[in-house]
Amino acid sequence: MEKSDTALPNADQAKNGNNVGNRRESFSSQNSQTAKEFIETQMQLEADAREILPYSFDSCTQALGPLRQTLYACLTCNPPPKTPDTLYTAAGVCYSCSISCHGEHTLVELFNKRNFVCDCGTTRMPSTAPCTLRNDPKTGAKGVHSEIPHPGNKYNHNFQNKFCGCAEDYDAEQEKGTMFQCLGLGDVESGGCGEDWWHPECLIGLPRDWYKEIKKEAGKDGQTEDDDDETPLPPGFPREDDFETFLCYKCVDSNPWLKRYAGAAGFLPPVYKEGGLPKATETTTKTTATDAAGEQSTDSKKRKMEDEESEPAAKRTKGETVNTISETKSQSDPEPTEESTQPSHPKNKHDSLPNPPSDTFSLFLKEDFRDHFCRCRDCYPNLAPHAQLREEEETYEPPISEDGEANGGGSTGTGSLLDRGEAALSNIDRVRAIEGAMVYNHLRDKVKEFLKPFAETGRAVGAEDIKAYFEKLRGDEQHISDAAGQASALSGRDDDHDNEGGDSRREQNGY
């Protein structure tokens, strides 16, 4: 009896032990994958990374000189000042340095800025954050810091993560509407904005939360209010299809010669700082007649057509003044009719421009705006300092990262692990390369020794198996043999239970 009593608890313990083992097996099975699955997953991750970061980032643009290029501000190396009076040193880094040198830092994408040289590795950045993509010209060692920055770089509050005339901190998670970048005609010191990004409502004098009232009204009418909805463009702001780019009121005020182009061919009517576009009744007097393309709002289009139909060009009176020249210039047939005695066309384009508005406004430019600037000897000096007004700018883009071709394996961080390893070996001296190859071969043999039992039994390698193995790999040889031996023992027990019911697959659980 005593023997029977002591046997029952042992049976229960064995049963409980089997349940625990089954649960452990189930958990390990769910977290395991075959070598093929692991390689496919790794390749997919690398493909996703190349899609997000398609360009090579193994070369700093500093050696290329001033460029229009994509820039980033590192808030970790150059945190914004807590008060406006605090001394602050702005800095911008190129695409490659943002990844290779500041990849784990907090970055703000500034998008394109012209005539800029990368600040990474200069005195504008902390010496503790060198440029790892360039070599020290004195020692030849990898990594540069405390170099003299390019004196021609210009900065604005974008480098402090502040944007627009409202100087609001940009938060990608909270920002819902579309922001537009000014073409930029000068830096902050000259009165311009420095290619700032603007909220549409801030350009026409509306508060940032102007749309909330519209959503409230929509809720009263029974429409559902969704916080994730894209914020529409405010009333009085041009449609996105009507313009190519724009000049904010700061850049227009610092270049007053531009004001006469408002409403002329290639330009939209003035978008006033207080009120936006003028009403349809206002645009029909002087501005709409100069817009041959008719790329305005529906009301202004309709009014313009009515005006043209009610007063054909051939029937205009002789007493029309020079103010009507802009209307005849926009028509397809500029030649005067026999019935009219129109004055001859002006020799220069600026002679036909309307009088400039007196109020503060932003100037929105159509796709062909460059073709409509006057380039006479009196006007060209205004255009000369601004190449972006004379011709379309080229923006530098790093070379596309090829899969396993450049430098023996694409750019640093974009090729496979094997390609990157081979590329690294090709860039170090012969002794270190031989030592590295010997270490690699030693590690390869140890990993093969560990994986051999799994390959023989066809079992998947679990996450716990790998973790346990590398824990032992950091120990002595005996522990490594023990880890591999335990895998063999477990595979032998699995073979003994092949004929029993249920799933007999077991996996090494490690220590």
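## Reading a predicted model, step by step

Student: Where is M43 placed?
Tutor: In this predicted model, M43 lies in helix α2, which covers residues 35-52.

Student: Why is M43 called exposed?
Tutor: Exposed means over 50% relative accessible area. M43 has 53% relative accessibility, so M43 counts as exposed.

Student: Which residues form a nonpolar patch on the surface?
Tutor: F38, I39 and M43 form that patch, and together they have about 320 Å² of accessible area.

Student: What makes β11 and β12 a pair?
Tutor: Two strands pair if there are at least two bridges between them. Two bridges join β11 to β12 (residues 361-365), so the pair meets that definition. The two strands run antiparallel, and Y272 stands opposite F361 in β12.

Student: What is the order of the strands in the open sheet?
Tutor: The order is β10-β12-β11, with antiparallel pairing. β10 (245-247) and β11 (271-272) are the edge strands because each pairs on one side only.

Student: Which residues have the most contacts inside the largest nonpolar core?
Tutor: They are W198, L203 and F373, in a core of 51 residues. Among the elements that each supply at least two residues are β2 (67-74), β3 (107-116) and α6 (249-254). β12 gives the most, with four residues.

Student: What is W198 in contact with, leaving aside its neighbours within four places in sequence?
Tutor: Its contacts include C164, F180, L203, F246 and Y249.

Student: How many residues are in the second, separate core?
Tutor: That core has 17 residues, including C60, Y72, C77 and Y95.

Technical notes:
Residues are numbered from 1 along each chain as its sequence is written. This is a predicted model: local features need pLDDT of at least 70, side-chain atom pairs count only at pLDDT 80 or more; totals for chains, interfaces and linings use all residues. Side-chain values use heavy atoms; hydrogens and water are left out. Patches are made of residues with over 30% relative accessible area and no salt bridge: like charges are joined within 9 Å, nonpolar side chains (Val, Leu, Ile, Met, Phe, Trp, Tyr) within 5 Å. Accessible areas come from the Shrake-Rupley method with a 1.4 Å probe; for residues, only the protein chains shown count as cover. A salt bridge is a side-chain nitrogen of Lys or Arg within 4 Å of a carboxyl oxygen of Asp or Glu. Buried means under 20% relative accessible area, exposed over 50%, partly exposed in between (1.4 Å probe, protein chains only). A nonpolar core is a set of buried Ala, Val, Leu, Ile, Met, Phe, Trp, Tyr and Cys residues joined through side-chain atoms within 4.5 Å. Contact means heavy atoms within 4.5 Å.
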